[in-house]
Amino acid sequence: MERLIEAIKKKIKEHKQELSNNLLSKGVENLPEFKRVYGYGQGLDKSLQIINELIEKYKTGEIEDDT
């Protein structure tokens, strides 16, 4: 299970990096597009934060495995 979670986190980080690279290569000529991509990146960061918080809660026993 831990390997799966790490793989998910890695894919999220790679996707965010790809978004950033695409935005930089195109330049920041379109402010609404920049805001959209920036907001999307913020959402990905929040997703990673939630995953990390849940992992810690699971490790400390605050969340039980339902399987």
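Buried means under 20% relative accessible area, exposed means over 50%, and partly exposed is anything in between (1.4 Å probe, protein chains only). Keep in mind that this is a predicted model: local features need pLDDT of at least 70, side-chain atom pairs count only at pLDDT 80 or more, and totals for chains, interfaces and linings use all residues. Residues are numbered from 1 along each chain as its sequence is written, and side-chain values use heavy atoms, with hydrogens and water left out.

Start with the charges. A salt bridge here is a side-chain nitrogen of Lys or Arg within 4 Å of a carboxyl oxygen of Asp or Glu, and the whole structure has 5 of them. One joins K16 and D45, at 3.0 Å from N to O. K16 sits in helix α1 and D45 in helix α2, so this pair ties together parts that are 29 residues apart in sequence. (Helices are DSSP runs of H or I with at least four residues, strands are runs of E with at least two, and both are numbered from the N terminus.) K16 is partly exposed at 27%, and D45 is partly exposed at 31%.

Elsewhere, K10, K11 and E14 are linked in a salt-bridge network. K10 and E14 are 4 residues apart in α1 (residues 2-26), about one helical turn.

Now for the rings. The search of the whole structure turns up 1 aromatic pair. F34 and Y38 are stacked, 6.1 Å centre to centre with 20° between the planes; ring centres must lie within 6.5 Å to pair, and planes under 30 degrees apart count as stacked, over 60 as edge-to-face and the rest as tilted.

Conventions:
Rings of Phe, Tyr and Trp (its six-membered ring) pair if their centres lie within 6.5 Å; planes under 30 degrees apart count as stacked, over 60 as edge-to-face and the rest as tilted.
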